[in-house]
Structure formats: C-alpha cells, structure tokens
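Good morning, and thank you for making time for this presentation.

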Amino acid sequence: MLALLYFGREVLVPVMLALFLGALLNPWVRFYLRLGLGHGFSVLLVMLATLAITLGMALVLGSQATHLARSLPQYQSTIHAKMQTLRGLTVDRFESMQGVLGRVIEPAAEPGNAKQAVSTVTATGPAVPTTNEPAAISSASLAVLSHLLTVAWVPLQTGGIVLVVLAFVLLEQESLRDRFIRLAGGTDLRATTMAINDAAERLSRFFISTFSVNAGVGVAIGIGLWLIGLPNALLWGALAAIFRFVPYVGVWLIAGLTMLFAAAVGPDWSLVVMTAILFATVELIVSQVIEPLLYGHTTGLSPLAVVVSAIFWSWLWGPVGLVMSTPLTLCLVAAGRHVKALDLLTILLGDAPALTMPQRLYQRALSGDAQEILDDARRYLKSRTFGAYCDAIVLPALQFGRTDLERGVIRAEQLRILRETIVTVIETLSGEGRTRSWRKRRPGVLNDANIGRQLRQRREETRGRWQGSLAVPAGSIVLCMSMGTPYDDLTTELLTRVLRGLNIDARHLALDDLQNFDDEPHPDLTPGAVALIYLVDTEAEAMRERVDVLAANMHQRIPEARIIAVCLPELLAPSTPDLSTCGHVDAVVGLLEEAAQYALPVARQTDAQEAA
C-alpha cells in the first residue's frame with residue numbers, strides 16, 4: 001500500500017487535490033442548481049470562477065515576487081551592514097576568545113611567518129576573465145528562460161490535470177459517491193453512508209473554517225506590514241495565509257522569512273521587532289480566541305497525530321502532501337469511527353480519550369498517580385456533583401479492581417498502591433481529613449484490605465467513635481449502614497461523604513456497631529435524632545432478604561426514621577432490583593446522587609436550625 005502511494009504519487013496527488021477541491025466547491029454548484037441553472041452550466045461557472053481567481057492571484061503574487069527580486073540589489077548595503085553587525089556580535093567575539101585561548105595553550109607564531117602569510121594573502125587576488133559581453137548576455141538570458149520553463153512546467157502540468165479531474169468530479173459528484181458506497185460498503189450501506197457523511201461534514205467544517213481563518217490572517221498580516229512600512233506587504237500577507245495551512249510551523253516559517261526581509265530593508269532593527277510583534281500578536285489572537293470560537297481547539301485529531309501525519313504525507317507526496325496531511329488524516333479517522341476494521345486509526349489518531357474516565361481512574365490508581373486523578377476529577381466537578389462523580393466514575397472504576405482482585409491478577413504491591421491512592425483521592429475530593437492530626441493516625445492502617453473502614457477510621461480519629469456529638473437537634477442525623485462486605489463499606493463511606501458535602505450530619509455505621517451501641521449507655525443522645533437511614537448493599541445474591549431483615553430491625557429500634565435501600569449489585573447493575581415486596585423499606589434507589597435527594601429536607605431543616 002505504501003509503495004502504491006509513493007510510486008503512484010504523480011497520479012494520486014492531482015486526483016486527491018481535485019477530490020478535495022471538489023468537496024470545497026460542490027456547495028457552490030448546488031447553489032447554482034437551486035437557482036435553476038443546469039448542472040453542466042453550474043459546473044462551468046464554478047470552474048471559470050476558480051480559474052479566474054487562481055490566475056488573478058498568481059499574477060498579483062508573481063508581480064510582487066518580481067518586484068521583490070528587482071529590489072533586492074537596492075538593499076545590498078543594508079544587508080552587508082547588518083551582517084557585519086551580527087558578525088561582530090557573534091563570530092568575531094568567538095574568534096577573539098579562541099585566539100586568546102590559543103595563545104594561552106599553544107606557543108605564539110613567529111613574526112616572520114606571520115608577515116609571510118600576510119604578504120601571501122595580500123598578493124593573492126581573483127583572476128578576472130575576459131569574455132565577449134554580448135554573447136555572455138545572450139547565453140545568460142537563454143539559461144534563465146530555460147530554467148524558468150523547467151521550474152514552471154511541473155506545476156503547470158499538475159494544475160492542468162487537477163482542473164480536468166476537478167471538472168469531472170463536479171459533474172459526477174453523486175455518481176462517484178454511489179460508486180464509492182457500493183465499493184466500500186457492500187451490504188452494510190448504513191455504516192458506509194454514516195462514514196461518508198461524517199467525513200464530508202468534518203472536511204467541510206475543516207475547509208470552511210480553515211480557509212476563512214487563514215484568509216483573515218493573511219489580510220491582517222498584509223495590512224499590518226503595510227502600516228509599519230514594509231515593502232511588498234501583499235506578497236507577505238498572501239504567503240502567511242498559504243503557509244498557515246502547514247500545521248503548527250508554517251506561519252512561523254513565513255514569519256522568519258519576513259523578519260529577514262525586514263532586516264534587509266530597514267536601516268535599524270525596529271522594523272524587525274515590529275514585524276515579530278505583528279506576527280506573534282495576530283497568531284496569538286487567532287489561535288487562542290478566534291479559532292476556539294469558530295470550531296473549537298481541535299479538528300478531531302490529536303496534536304501528535306497532526307504532526308506525525310504531516311511528516312508522513314510530506315515524505316510520501318512532498319509539499320502537496322504536507323498541505324493535505326490534515327484533511328487526509330481526518331478522512332481516515334472518520335472512517336475508523338464507523339468501520340470496525342479501521343478502529344485502530346481512530347484510537348491512534350483521534351482526539352477522543354483512548355480510555356473511559358473509569359478506566360483512566362483505575363489505571364492511574366494502579367500506578368499511584370493520585371494527582372492526575374484529582375486533576376481529572378476537578379475538571380469533572382466543575383459542572384457535576386461529587387455524587388455524580390462517584391456514580392459515573394469511582395464506582396465503575398472500583399468494579400474493575402474488584403474483578404481483577406477476584407481473578408487474582410493484582411499483585412500485593414499493586415493492591416497496596418491502589419488502596420493508598422483511592423484513600424487519598426476520596427479524602428481530598430470530599431474535603432475531609434485535611435485538618436487531621438497526623439500523630440493520631442494509626443500506623444499500618446493502609447494494610448487493611450477494607451478501604452471503606454480505613455476512611456471511616458480517619459473520621460473517627462478526629463470526631464470520635466460515633467463520628468460526632470450525640471447531643472444534636474432532633475431529626476438531624478442520617479445513618480448510612482453497610483451490609484457488611486468490603487464493597488458495601490466503601491460504597492457506604494462514599495454515600496456518607498456525599499451527604500456530608502451537602503451539610504448533612506451523616507454517619508457511617510456497620511452491623512456490629514448496633515450491638516456495641518446497645519451495650520454502652522448514651523445519656524447525651526437526643527431522642528428522635530435520626531431522621532433517615534440508608535441501607536447500602538452491593539451484593540446481588542439474597543439482596544431482598546438481607547435488606548428486609550435489617551430494615552425490620554431498624555424500624556424496631558428507630559420507628560420514626562425513614563429507611564431508604566441503596567442497592568448496587570456488583571456496583572454496575574443496569575437497573576435496581578425489585579424490592580417492592582420489602583414492607584419495611586420506604587424507597588429503593590440505585591445511585592448515590594439519587595439517594596442524596598432524600599436527605600435534602602434534613603439539610604434544609606439543619607440550615608434553618610443553625611440560622612435560628
């Protein structure tokens with residue numbers, strides 16, 4: 001395939017250029033068709049307009065380039081003076097340093113030898129040949145004409161082929177699309193049609209936005225150079241617009257050339273400085289303000305893919321491949337989105353994340369990269385709640401760890417790093433544990449396999465065994481109770497932190513805490529302090545019986561409290577189980593954020609009591 005692309009570039013390059021120009025000009029053909037003109041006449045108008053614009057731009061730029069070439073001898077003295085200045089600042093200083101070092105390291109040369117060398121250099125001079133001047137001028141003119149014809153023949157030949165192919169592409173646009181669908185799609189017309197429409201939409205958006213922006217950059221650069229007094233401002237502005245099609249480096253290449261020309265024109269360095277400021281200002285405004293407003297920061301390709309594709313296509317097809325690299329790669333990525341066999345291209349070249357957010361969290365946690373997890377989480381939390389983050393990202397990520405742990409593929413060291421990272425992330429995001437005294441932390445707590453209890457113990461270290469005072473207003477406490485497994489404990493702790501983030505006095509309890517609470521007297525406990533009880537269960541087996549038994553027990557202990565069952569079988573259940581026959585449960589939820597909605601009245605009551 002690569003051999004075909006490389007050795008067939010003489011044919012493929014004009015054809016690809018014609019196809020891309022056809023995609024750009026086809027909307028104009030359709031516009032004329034809507035006006036009632038015939039298809040052939042519409043294509044003829046578009047071709048004539050394209051040819052006229054191309055020839056007009058070539059004539060203007062050619063005249064500007066000719067004027068520039070004729071003007072260069074006028075700047076010879078300025079160029080010489082600038083070169084002498086630069087030489088004095090760089091080469092001469094280096095040579096003087098080298099001479100000093102040479103005199104220190106090597107013995108000084110004998111005076112006689114130095115004089116002999118000076119006399120030899122002085123006596124040596126170039127030989128001036130004597131030639132017949134008219135014959136030399138005629139020969140030089142023929143050589144220049146031959147060179148011009150040689151240089152211009154290849155672009156003219158390519159341009160002619162492009163125009164001929166472009167005319168047929170515009171005339172047979174619909175037929176070409178149908179043939180391509182039949183060739184590539186086979187029986188799956190839906191996927192092929194979606195791929196073609198996606199590629200056409202992306203290319204259209206890319207061409208329109210890029211042409212508009214680059215033309216605007218060229219106009220701005222041209223006007224700016226004209227205002228600061230640089231000759232041939234129109235030429236440099238047009239070159240800036242053209243070179244900006246080269247990804248990332250094109251505009252800076254033409255900026256460097258323009259600065260060199262400014263250095264040759266101006267008697268001092270002020271024109272160079274103003275030219276540099278102009279290019280930097282225009283490019284900064286366009287790349288950081290205008291482009292994001294028009295079509296976002298990206299074209300659907302990753303920055304690395306743009307650079308690699310530019311290198312690849314320029315190696316295959318030269319400068320034309322460099323200009324067409326982004327559109328060609330866009331087509332490949334669009335095809336990979338809909339054709340399974342080309343999905344590898346979308347993963348390698350596209351700007352979509354290669355991993356989902358739960359996969360990223362799990363992978364970063366295995367690597368111990370808590371800071372990157374926190375950076376991703378903070379970006380997510382700018383528009384969503386902590387409860388939504390736990391539902392959509394944390395719990396699915398933990399399911400990956402649960403699956404790998406059950407398969408026995410996680411090493412002990414990886415498991416330790418995973419636990420430490422999860423604890424750090426949850427504590428940081430939930431806002432708890434920041435004022436904790438490190439002296440109170442028990443050594444080796446992270447060796448415990450139960451992350452939920454680790455996090456709960458961190459709270460108990462600062463707030464006491466019952467995670468706060470028992471002398472509280474009536475109806476202000478929310479109990480989050482785990483069914484006993486490590487995954488129940490972790491999910492219960494997440495729910496507790498979600499509720500505490502809403503200014504709710506939520507407390508995490510386990511089943512064995514009920515017996516401990518009964519065995520100890522609590523004279524400070526306010527009657528009716530508990531308003532809501534959550535029963536958290538992540539096990540699918542016998543869920544209904546377990547939840548109903550505990551709910552009946554809690555109703556006997558705290559009859560005035562509502563009981564909400566938070567059921568997340570295996571943390572990734574597509575739907576919550578049916579607990580409608582559980583007569584002791586007031587409601588069943590399957591998400592932490594949904595569960596938090598039931599506690600909002602408690603939060604409002606607490607706020608009202610604090611305000612009073």
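Predicted model: local features only at pLDDT ≥ 70, side-chain atom pairs only at ≥ 80, totals over all residues.

The protein contains 24 helices and five strands. Of its 612 residues, 38% count as buried.

Strand 1 covers residues 477–482, and six of its six residues are buried.

Strand 1 has two pairings to describe. With strand 2, residues 505–509, strand 1 pairs in the parallel sense over five bridges. With strand 3, residues 530–537, strand 1 also pairs in the parallel sense, here over six bridges. Leu 479 takes part in both pairings: its bridge partner in strand 2 is Arg 507, and its bridge partner in strand 3 is Ile 533. Ile 477, for its part, stands opposite Val 530 in strand 3.

Strand 3 continues the arrangement. Strand 3 and strand 4, residues 562–567, run parallel and are joined by six bridges. Val 536 has Val 566 of strand 4 as its bridge partner. Why can strand 3 be described as largely enclosed by the rest of the structure? The reason is that seven of the eight residues of strand 3 are buried.

A word on the cysteines. How many disulfides does the model contain? The count comes to zero. Cys 480 has a relative accessible area of 0%, and because buried means under 20%, Cys 480 counts as buried. Cys 567 is likewise buried, with a relative accessible area of 1%.

I move now to the helices. Helix 3 spans residues 39–71, which is 33 residues. From first C-alpha to last, helix 3 reaches 48 Å, close to the 48 Å expected at 1.5 Å a residue.

Two individual residues deserve attention. Asn 214 lies in helix 9, residues 189–228. Is Asn 214 buried or exposed? At 1% relative accessibility, Asn 214 counts as buried. Leaving aside neighbours within four places in sequence, Asn 214 is in contact with Ala 241, Arg 244 and Phe 245.

The second residue is Thr 421, in helix 18, residues 412–430. Thr 421 is buried, with a relative accessible area of 5%. Setting aside neighbours within four places in sequence, the contacts of Thr 421 are Ala 365, Gly 368, Asp 369, Ala 370 and Ile 373. Thr 421 and Ile 373 are 48 residues apart in sequence, while their C-alpha atoms are 9.1 Å apart in space.

To close, I return to strand 1: its six residues are buried, and it pairs in the parallel sense with strand 2 and with strand 3. Thank you for your attention.

Notes: Residues numbered from 1 in each chain as written. Heavy atoms only, no water. Helix = DSSP H or I, 4+ residues; strand = E, 2+ residues; numbered from the N terminus. Expected span 1.5 Å × (residues − 1). Disulfide = S-S within 2.5 Å. Buried < 20%, exposed > 50% of the residue type's maximum accessible area, 1.4 Å probe, protein only. Pairing = 2+ DSSP bridges. Contact = heavy atoms within 4.5 Å.
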